[in-house]
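Here is a friendly walk through one model, from its core to a few backbone details. Take a look at the structure first.

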Amino acid sequence: MITREERVESPTGNDARNATRRWPKIMSTQEIVRALVWDENASHVSKEIYPDGIRGAIAQALNKRGKSAPILATTAHLDEPDQGCSEEALNAVDVLIWWGHARHLEVSDDTARRIYHQVHDRGLGLILLHSAQYAKPLQWVLATSGDLKGGWREANPPDTEEITVCAPRHPIAAGIRDFTLRQEEMYGAPYEVPPPLCVVFQSYFPLGGEYFPSGICWTVGRGKTEGFRSGPGGGVGEGQGIGRVFYFRPGHETHPTYHDSNVQRVLRNAVLWCAKTRIESK
Ligand code: ZN
């Protein structure tokens, strides 16, 4: 069992950089989970739908519960020094949320390496959104291509995405029932990623009849048993890696997905799960 040694010492402060942390593996309900919402600062994101960018919309959604919220989200983007992901910035948070699309190749190997080590060695939580399936942090952290072998489609009029809760007892599904996004881009399975710990959500696109595992999670890094193949269950032998990772499929830049209340709840739940808290979202 790996114990982290950071704890929020100034949970009421507004500036995440002022917080020195020393938290136990499981936080108390009085503590704040710190999330960094990163995007590639893309010019093709709809300004009408996302006037503050995708990172701004997600951070606002995570923060909107005010002082009672256990999540404090800040933002960063690709055009900042160290691509918004300096060691200092990553050390200051429990969870990194990543949205990238057209600028994956501009993300440096140094940035991907810092994120890899933060997740695998320190236990930084990582949430990868939508077209981040081809982002370097996903490819490095999960050691995979992220290929959409079942294709993708931007239809006109847009696809509808029907999302089914497959694991209703999983913390990421807390408070979520099956829901539909009226406008989304289609991704089709098979999806080239490692076998997940859990498929929390599954999507169906009626226009073409495609399915996609749209909310899936893994643990990675320290704690896994090298070479383990099978065992009695309960995590014995397979172990739990120190880093928790969640991929969530919806989030095309020309649709208002991140304003949807179900999507916001999923992201909130995912931040808490990736940070290894027992806090229930409301
Ligand atoms: Zn898209």
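Ile97 touches Ala35, Leu36, Val37, Trp38, Ile58, Ile127 and Leu129, leaving aside residues up to four places away in sequence; a contact here is a pair of C-beta atoms, placed from the backbone, within 7 Å. The model is predicted, so local features need pLDDT of at least 70 and side-chain atom pairs count only at pLDDT 80 or more, while totals for chains, interfaces and linings use all residues. Residues are numbered from 1 along each chain as its sequence is written.

Ile97 is also among the residues with the most contacts inside the largest nonpolar core, together with Ala35, Leu96, Trp98, Ile127 and Val271; this core has 71 residues. Helix H5 (residues 261-274) gives the most to it, with 8 residues. Such a core is a set of buried Ala, Val, Leu, Ile, Met, Phe, Trp, Tyr and Cys residues joined through C-beta atoms within 7 Å. Buried means 20 or more other C-beta atoms within 10 Å of a residue's own. Helices (H or I, at least four residues) and strands (E, at least two) are DSSP runs, numbered from the N terminus.

Now for the backbone. Which peptide bonds are cis? Two are listed here:

| Cis peptide bond | Omega |
|---|---|
| Asn156 to Pro157 | near 0 degrees |
| Ala189 to Pro190 | near 5 degrees |

Pro157 lies in the loop between strands S5 (152-153) and S6 (159-165), and Pro190 in the loop between strands S8 (186-187) and S9 (198-205).

Gln83, which is not a glycine, has a positive phi near 55 degrees. Gln83 counts as buried because it has 21 C-beta neighbours inside 10 Å.

Notes. Buried ≥ 20, exposed ≤ 12 C-beta atoms within 10 Å, placed from the backbone. Contact = placed C-beta atoms within 7 Å.
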